[in-house]
Amino acid sequence: FGKGTYSYFQLQVHWNNPNNLNTYTDESGIRIHYTPRLRQYDMGIMWLGQQNIHIPGGVRNTTLTGNCGSTCSGQLLQNPINVTASISHMHLIGAQTRIRHTSSDDNITRDVLFEEVYDYDSPRWTFHEPHLQVKPKDQLQLVCTYDSTNRVADTSYGEATGDEMCFGFLQYYPKGGDIHCEQYGSNDLCFRRSTVC
């Protein structure tokens with residue numbers, strides 16, 4: 001798809017069929033639009049998250065946060081970025097999610113995304129018009145709330161559907177690689193990955 005860019009695409013699909021039902025079907029796929037007329041900007045993804053997840057069983061409200069503080073955003077962003085859309089990701093006991101943005105200009109905190117009732121089976125993008133500008137030294141906070149009242153055992157971070165996650169993704173331009181502004185507990189995980197294969 002162009003010299004010095006992607007040389008392949010990979011589609012990763014997760015199925016969850018713990019009862020081995022043979023009535024489940026799937027029609028997953030992707031549609032790729034290709035044009036020789038390049039757009040003005042390429043898109044990137046900014047990851048927010050908390051990876052230190054331990055949720056006790058039988059609790060209606062357990063809330064975790066993943067903060068992208070001013071030190072991390074100042075390190076990762078050389079210039080402002082423009083956020084066009086955002087989405088959060090948790091698993092089965094995810095109940096509510098929110099992404100907040102605090103501008104370094106006026107120190108006012110605004111909701112970027114708020115899902116009062118989170119549904120793992122129906123992820124929802126929030127589109128931002130006008131586009132949200134995030135500048136170096138701005139702060140972002142991801143808030144994940146879980147309801148484990150139907151579980152006896154504790155739930156920890158993991159990739160299986162029965163495990164849990166706490167991630168938020170901001171689609172932005174101009175692209176500067178995949179930006180990771182996450183935490184493990186209170187420890188910042190700030191890094192950038194190139195998206196060129």
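K137 is partly exposed, at 48% relative accessibility; here buried means under 20% relative accessible area, exposed over 50%, and partly exposed in between (1.4 Å probe, protein chains only). You will find K137 in the loop between β7 and β8; strands (E, at least two residues) are DSSP runs, numbered from the N terminus. Phi of K137 is near 80°, a positive value in a residue other than glycine.

A word on the model itself: it is predicted, so local features need pLDDT of at least 70 and side-chain atom pairs count only at pLDDT 80 or more, while totals for chains, interfaces and linings use all residues. Residues are numbered from 1 along each chain as its sequence is written, and side-chain values use heavy atoms, with hydrogens and water left out.

**Backbone details**

Most residues other than glycine have a negative phi, and most peptide bonds are trans. N107 also has a positive phi, near 60°. This residue sits in the loop between β5 and β6 (109–115), and at 58% relative accessibility N107 counts as exposed.

Let us turn to β8, which covers residues 139–146. How many of its eight residues are buried? Six are, and the strand is mostly covered.

β8 pairs with β3 (residues 62–68) in the antiparallel sense, over seven bridges; two strands pair if DSSP finds at least two bridges between them. Within this pairing, T63 stands opposite T145 of β8. β8 also runs antiparallel to β5 (residues 94–102), and eight bridges join these two strands. In that case T97 has C144 in β8 as its bridge partner.

T149 belongs to the loop between β8 and β9 (155–156). Its relative accessibility is 34%, so T149 counts as partly exposed. Which residues does T149 contact, leaving aside its neighbours within four places in sequence? They are G58, V59 and R60, where contact means heavy atoms within 4.5 Å. The C-alpha atoms of T149 and P56 are 9.3 Å apart, although the two residues are 93 apart in sequence.

T149 also has a polar contact of 2.8 Å with D147, side chain to side chain. A polar contact is a pair of N or O atoms within 3.5 Å; within protein, one must be able to donate a hydrogen and the other to accept it, and residues adjacent in sequence count only if both atoms are side-chain atoms.

**The β11–β12 hairpin**

β11 (residues 178–184) and β12 (residues 187–193) are an antiparallel pair with seven bridges. H180 faces F191 of β12 in this pairing. The hairpin has two residues between its strands, and G185 takes a positive phi near 65° there.

**F9 before β1**

Finally, F9 lies in the segment before β1 (44–50). With a relative accessible area of 46%, F9 is partly exposed.

How values were computed. Helices (H or I, at least four residues) and strands (E, at least two) are DSSP runs, numbered from the N terminus.
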